[in-house]
Amino acid sequence: LRHLTTLENLPRSCIERLLDRALSMRDACAHGTRKLDLLAGRTVLNLFFEPSTRTRTSFELAARRLGADVINFDIGFSSTSKGEELFDTLHTLEAMHLDAIVVRHKVSGTPEELVRHAMSGVSVINAGDGNRAHPTQGLLDVMTIREHRPDFENLAVVICGDIKHSRVARSDVQALTAMGVREIRLCGPAPLMPTQEEFPRCTFVEDFDEAIGGADAAIMLRLQKERMSATELPDEAAYFARYGLDTRRLARAAKGCLVMHPGPINRGVEIASEVADGAQSKILEQVGNGVFVRMAVLGELLGR
Ligand code: CP
């Protein structure tokens with residue numbers, strides 16, 4: 001791999017290799033190795049045009065743990081605010097000899113544009129573009145599931161919420177499909193659902209009580225108000241009543257159903273606190289795995 005902009009068409013063998021690598025990174029860190037030197041002398045640029053807590057911090061931590069130098073580009077205090085175009089910013093930063101650019105942008109397809117314009121030798125990693133892809137989130141989600149349920153061929157996974165605007169849903173479906181999961185159910189209010197043509201492999205279920213029935217993992221998504229039109233925005237209390245995951249609904253799922261959420265969570269909107277903080281919640285495990293997955297991706301793309 002030279003770049004990671006999407007999980008589309010990434011074979012299972014490649015995903016498994018990255019997950020195994022993430023586990024090795026986790027083992028090394030668990031045995032007290034705080035810093036590896038795999039990327040010593042390399043420079044990673046975090047270029048985030050949209051807010052982030054988990055992805056940005058974990059990419060920074062991952063790069064530092066591998067011995068790389070990290071630049072967190074501050075958009076608000078950069079010449080972007082003086083009207084500099086994205087590709088002029090890119091070429092300016094590249095002239096400082098970068099090895100990887102981790103980019104998040106509201107416009108779908110920006111990472112591929114950067115790949116087309118980037119100097120040779122620079123790797124581009126997508127940290128989320130519009131509603132299109134969030135590949136490292138897809139990887140950390142299947143890593144988390146694999147830890148508990150490696151028998152993907154037996155699993156029914158429900159993804160519930162604002163799927164239309166969700167890059168996480170798209171990358172999760174691609175990763176779960178590659179891993180051979182038995183069934184993926186998509187559930188949400190009609191205005192927030194994508195077309196079946198876009199997700200031919202998935203079962204669309206409008207009623208969440210039905211969708212979660214017997215599910216082995218439930219991935220809950222937040223309402224992405226920043227990408228919605230005024231007419232798409234549901235009333236939050238009504239939304240929670242129909243699509244929120246609470247203990248009553250979780251009891252309909254298979255025993256031990258994994259409760260997942262990419263974050264940030266909105267308590268009482270898509271998930272009840274008692275479930276988000278409950279025994280079946282893997283939400284903080286997902287966050288922890290994110291660091292190791294990002295170490296694995298950086299190692300794969302930049303490691304000598
Ligand atoms: N899951 C995720 O992308 O979270 P952040 O927006 O905090 O990076």
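**Close-up 1. Helix 2 gives the largest share of the shell around the ligand, three residues.** This is a predicted model. Look around the ligand and you'll find S52, T53, R54, T55 and R56, along with G128, H134, Q137, P262, G263 and P264. Sorted by class, that shell has seven polar residues, two nonpolar and two charged. Domain 1 (12-133 + 287-302) and domain 2 (135-283) each put at least three residues into the shell.

**Close-up 2. Helix 2 meets helix 11 in a right-handed crossing.** Here we've zoomed in on helix 2 (residues 54-65) and helix 11 (residues 283-302), whose axes come within 8 Å and cross at roughly 50°. That angle is why helix 2 counts as oblique to helix 11. On the helix 2 side, the contact is made by R54, S58, F59, L61, A62, A63 and R65, while helix 11 brings V287, G290, V291, R294, M295 and L298. Between helix 2 and helix 11, the contact has eight nonpolar residues, plus three charged and two polar ones.

**Close-up 3. Domain 1 (12-133 + 287-302) against domain 2 (135-283), as given by the domain assignment of the chain.** The C-alpha centres of domain 1 and domain 2 sit 26 Å apart. Their contact takes 22 residues from domain 1 and 20 residues from domain 2. By class, the side of domain 1 that touches domain 2 comes out as nine nonpolar, eight polar and five charged residues.

Note on methods:
Residues are numbered from 1 along each chain as its sequence is written. This is a predicted model: local features need pLDDT of at least 70, side-chain atom pairs count only at pLDDT 80 or more; totals for chains, interfaces and linings use all residues. Axes are lines fitted to C-alpha atoms, for helices over the stretch in contact, and angles run from 0 to 180 degrees between N-to-C directions. Helices (H or I, at least four residues) and strands (E, at least two) are DSSP runs, numbered from the N terminus. Angles under 35 degrees count as roughly parallel, over 145 as roughly antiparallel, 65 to 115 as roughly perpendicular and the rest as oblique. A crossing is left-handed if the near helix is turned anticlockwise from the far one by less than a right angle, and right-handed if clockwise. Two residues are in contact if their C-beta atoms, placed from the backbone, lie within 7 Å. Ala, Val, Leu, Ile, Met, Phe, Trp, Tyr, Cys and Pro count as nonpolar, Asp, Glu, Lys and Arg as charged, and the others, Gly among them, as polar. A residue is near a molecule or strand if its C-beta atom, placed from the backbone, lies within 6 Å of it. Domain bounds come from an automatic or database domain assignment.
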